[in-house]
Amino acid sequence: MSNDSQQQGEDAPIASLCKEYVQSVEGLAESLPFIMSVLLKTEDSFDKQLSTFIDTHATDVKQTDEGRLYAISVQDKPEHDKLHRRLRILREALGVTPRSFLVSLVSAYDAFLGRLIRQLFYIKPDLLNASTRVLTFSQLQRLKNVEAAREYLVEKEVESVLRESHSRQFDWLEKTFSVPLRKGLACWPRFIELTERRNLFVHADGVVSSQYLTVCDEHSVELADSVGLASQLYVEPSYFECSAQCLLEIGVKLAHVLWRKLEPNAREAADNNLIDVIYDLLMKRQYCLAANLAEFGTNTIKTHASDEIRRILVMNLAIAYKFGGEPEKCSKVLDAEDWSSTADRFRVGVAALRDDFKGATSFMKAIGKDGWPGPLGYREWPVFREFRQSDEFAQAYKEIFGTDFTLREREPQQSMAGKENAEQQNSLDEK
């Protein structure tokens, strides 16, 4: 459930940072499976082409444990080598690409953290008073004014923090902002392991080092029995998906705890930003992460801008439980609230989640065609996912809006960049 009546959070700098960060991580998370699928299909195509070429042009073919051995004529060697090279490069890409995407995930988090710290210094400039950095006279002459000096100090502080390990970054954050950040953070060991694995990919080709093992042990990371000194690490699809969710969780929670700590008057903007993030996850059916952040928004965060906003977070938590395969938790969340005095837009959602379709249609009619959720809300709001499939919903919708309920979609148009990439690929295929 989104808060349609409030748009304040969209303009808040940290809200924008969170939105951009979520989009960046989700973009990487959704791109990798697509790219891997293309690489696998292309690899299979080239593999068949090479196999066919060998069948029709090779001589003295022998099968060995390592594959086929064969002879190729001088005339056929250029074409054979081209097919062989393409297949070798694609197979190398299948191993390198997931690792590169994991490195990019952590880089996206690092960039987000740097921008977040910089914004927090802007919110509370007094934090710079604790800085021990010294500016020389020549630096002051070059900077010219106090504002430029402040910008310089902020930049140097951010650079200093980002050069530290990820665990020491949290040490600095907790000390600087006087707030515990790791208490109850279940994904902390996973966060440490994936950031250390990233370091191995960047510096050691994924080969496990003693430092990796030591850091993981210090932070209670449970490693597989196959992971030992000098063993090779990879990035399986499930690992990458979990890593993306972990980084999203860490980033959003970190931003909201620090934002609310330093700028308590921005509570409404913060609440609405968190609601937007959770709602987008529900729309994408990422129910586990949505539930995690909704629990954070209702249980960890105790104070909200209004009871209506708190109830929106509660409703989103119930939706995440319901369609995430935990209906008992959904019922428990709903039962803990008194919905009798709330607006019909809440009560219609509660009825839908309880599978009370008769009651939900009554609330739909009471809301009418001009109230929220309206046609768009009935089409998109995840709370109606099962209710939308019922005859009761279809009949009530037609009675209210005078038209049959249909889900309308538009075919996406190819962008200019997509056309150019397709033309370039066709050109490469011809070579």
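Which residues touch the most other members of the largest nonpolar core? In this predicted model, local features need pLDDT of at least 70 and side-chain atom pairs count only at pLDDT 80 or more, while totals for chains, interfaces and linings use all residues. Residues are numbered from 1 along each chain as its sequence is written, and side-chain values use heavy atoms, with hydrogens and water left out.

The largest nonpolar core holds 126 residues. Tyr-109, Phe-191, Leu-254, Leu-258, Met-315, Leu-353 and Met-364 touch the most other members. A nonpolar core is a set of buried Ala, Val, Leu, Ile, Met, Phe, Trp, Tyr and Cys residues joined through side-chain atoms within 4.5 Å. Buried means under 20% relative accessible area, exposed over 50%, and partly exposed in between (1.4 Å probe, protein chains only). Helix H2 (residues 77–123) supplies the largest share of this core, 16 residues. Leu-254 is in contact (heavy atoms within 4.5 Å) with Tyr-109, Leu-113, Leu-116, Phe-170, Leu-173 and Leu-181, leaving aside neighbours within four places in sequence.

The protein chain has 17 helices and 2 strands. Both are DSSP runs numbered from the N terminus: helices are H or I with at least four residues, strands E with at least two. Of the 431 residues in the protein chain, 44% count as buried. Among contacts between residues at least 6 apart in sequence, 66% join residues at least 24 apart.

Two helix pairs were examined. Two packed helices are described by the angle between their axes and the distance between the axes. Axes are lines fitted to C-alpha atoms, for helices over the stretch in contact, and angles run from 0 to 180 degrees between N-to-C directions. The axes of helix H11 (residues 307–323) and helix H12 (residues 327–335) come within 7 Å and cross at roughly 160 degrees. H11 is therefore roughly antiparallel to H12. Angles over 145 degrees count as roughly antiparallel, under 35 as roughly parallel, 65 to 115 as roughly perpendicular and the rest as oblique. H11 passes H12 in a left-handed crossing. A crossing is left-handed if the near helix is turned anticlockwise from the far one by less than a right angle, and right-handed if clockwise. H11 contributes Val-314, Leu-317, Ala-318, Tyr-321 and Lys-322 to the contact, and H12 contributes Pro-327, Lys-329, Cys-330, Val-333 and Leu-334. By class, the contact of H11 with H12 has 8 nonpolar, no polar and 2 charged residues. Ala, Val, Leu, Ile, Met, Phe, Trp, Tyr, Cys and Pro count as nonpolar, Asp, Glu, Lys and Arg as charged, and the others, Gly among them, as polar.

The axes of H14 and helix H16 (residues 391–401) come within 10 Å and cross at roughly 10 degrees. H14 is thus roughly parallel to H16. On the H14 side, the contact is made by Phe-357, Thr-361, Met-364 and Lys-365. On the H16 side, Glu-392, Phe-393, Ala-396, Tyr-397, Glu-399 and Ile-400 take part. This contact has 6 nonpolar, 1 polar and 3 charged residues.

Helix H13 (residues 344–353) is largely enclosed by the rest of the structure, because 8 of its 10 residues are buried. These are Arg-345, Phe-346, Val-348, Gly-349, Val-350, Ala-351, Ala-352 and Leu-353. Their cover includes H11, H12 and H14. Asp-355 follows H13 and has a positive phi, near 65 degrees.

Individual buried positions were also examined. Arg-197 lies in helix H6 and is buried, with a relative accessible area of 9%. Not counting residues up to four places away in sequence, Arg-197 touches Leu-102, Tyr-212, Leu-233, Tyr-234 and Tyr-239. Val-154 is placed in helix H4 (residues 146–162) and counts as buried at 1% relative accessibility. The C-alpha atoms of Val-154 and Phe-121 are separated by 7.1 Å, with the two residues 33 apart along the chain.

Ser-178 is not a glycine, yet has a positive phi of about 50 degrees. Ser-178 lies in the loop between helix H5 (166–177) and helix H6 (188–204), and is exposed at 55% relative accessible area. Ala-230, also a residue other than glycine, has a positive phi near 75 degrees. Ala-230 is found in the loop between helix H7 (210–218) and helix H8 (237–262), and counts as exposed at 56% relative accessibility. A cis peptide bond joins Trp-372 and Pro-373, with omega about 25 degrees. Pro-373 is found in the loop between helix H14 (357–367) and helix H15 (374–380).
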